[in-house]
Amino acid sequence: MSSFIADHGYLVYCFVFGLDLLLLYPIFAVFKWRMLQRLGMPSNERQLIFSNRKRNFDLDYFIYQYGDRNLRVVDGLSRKLLHITAGVWQLLILNLLIKDTHIALQATLIYQISMVILSGISYSSNKLFGLAGLLYGASSRIRDGHLGRKNLFVARLSFLNLLPLALIDVFARQHVINQDGLAIFSFFVFLPLTIGDALGEMIGTIWGKQKLRVWGIGQINRKSLMGTASVFSGSLIPLLLLVAIQGLPLAWWGLCFAIATVTTIVELAAPRGTDNFFIPVGNALICLTFIILASPL
């Protein structure tokens with residue numbers, strides 16, 4: 001089994017991404033559809049939410065009819081549960097099975113560029129059970145209004161965040177003896193985005209008071225202090241657990257706090273829809289500095 005994975009790393013990683021698209025995306029799209037149904041929303045209005053929203057979409061009507069908090073809950077759970085599930089799944093496959101950062105970077109780049117192309121092709125489509133329903137259904141926020149798909153499309157352009165990760169890979173291979181340990185940096189770069197950022201939106205939208213006005217791509221651009229605190233704790237705790245499980249030296253604990261702090265600041269400051277790019281870039285630069293100063297592996 002291990003020899004097959006080593007020889008067919010690209011195939012394994014493509015299979016992982018294929019499961020994302022063909023299994024997780026439909027599951028969470030249906031999940032969102034059912035949550036809207038439980039709010040008493042008729043089918044024609046649910047179809048309007050799943051559409052490109054270029055015509056006849058009145059966000060104020062939906063907020064008045066179904067409640068701002070209810071829509072926040074639907075948005076937060078459907079988008080971010082998919083975000084967490086897919087992200088953790090990919091990181092585990094990378095680190096537990098493939099263990100080759102070159103393959104992971106190249107396969108991820110190909111996948112994300114493909115997602116951008118498919119998202120662009122289906123951007124204006126209103127087919128509920130077509131490509132647009134699959135790619136935008138669970139993740140296009142209701143409260144972003146007519147800018148819902150634009151917000152998500154910009155977020156998917158974040159594949160450029162792989163460039164600083166590639167820089168880490170190249171630099172670390174020149175300065176780190178144990179090459180097998182390189183994959184752990186992918187957790188430090190992407191786990192805060194996968195869990196911390198996601199928990200920040202879910203907890204902030206469900207229980208937080210949306211009083212912080214921010215820039216972003218959406219009709220409503222607000223965040224909460226509770227959500228910001230959740231980003232920090234949701235970034236820090238998983239990294240501390242990872243360091244403890246791996247039995248890494250004390251310097252790595254400091255890296256955890258640095259990454260969690262940078263993630264929190266960037267998530268709050270970056271325009272909504274762009275944090276998928278800026279958070280991994282910021283974390284990658286912190287990891288690169290850590291490698292230069294500490295040479296930990």
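**Reading the model**

Modeller: Let us begin with a polar contact, that is, a pair of N or O atoms within 3.5 Å; within protein, one must be able to donate a hydrogen and the other to accept it, and residues adjacent in sequence count only if both atoms are side-chain atoms. Here the side chain of aspartate 75 lies 3.0 Å from the backbone nitrogen of arginine 143. This is a predicted model, in which local features need pLDDT of at least 70 and side-chain atom pairs count only at pLDDT 80 or more, whereas totals for chains, interfaces and linings use all residues. Residues are numbered from 1 along each chain as its sequence is written, and side-chain values use heavy atoms, with hydrogens and water left out.

Biologist: Where is aspartate 75 found?

Modeller: Helices (H or I, at least four residues) and strands (E, at least two) are DSSP runs, numbered from the N terminus. Aspartate 75 belongs to helix 5, residues 68–98.

Biologist: Which side chain of opposite charge is nearest to aspartate 75?

Modeller: Lys and Arg count as positive and Asp and Glu as negative; His and the chain ends are not counted. A salt bridge is a side-chain nitrogen of Lys or Arg within 4 Å of a carboxyl oxygen of Asp or Glu. Buried means under 20% relative accessible area, exposed over 50%, partly exposed in between (1.4 Å probe, protein chains only). Aspartate 75 is buried but has no salt bridge, and the nearest side chain of opposite charge, lysine 32, is 4.4 Å away.

Biologist: How is a nonpolar core read, and which residues have the most contacts inside the largest one?

Modeller: Such a core is a set of buried Ala, Val, Leu, Ile, Met, Phe, Trp, Tyr and Cys residues joined through side-chain atoms within 4.5 Å. The largest has 30 residues, and Leu36, Ile49, Phe62 and Ile142 have the most contacts inside it. Helix 2 gives the most to this core, with 9 residues. Apart from it lies another core of 24 residues, including Trp252 and Ile291.

Biologist: Is leucine 91 buried or exposed, and which residues does leucine 91 touch?

Modeller: Leucine 91, also in helix 5, has a relative accessible area of 6% and is therefore buried. A contact means heavy atoms within 4.5 Å. Not counting residues up to four places away in sequence, leucine 91 touches Ser186, Phe187, Phe190, Leu191 and Thr194. Leucine 91 and phenylalanine 187 are 96 residues apart in sequence, yet 6.9 Å apart in space, C-alpha to C-alpha.
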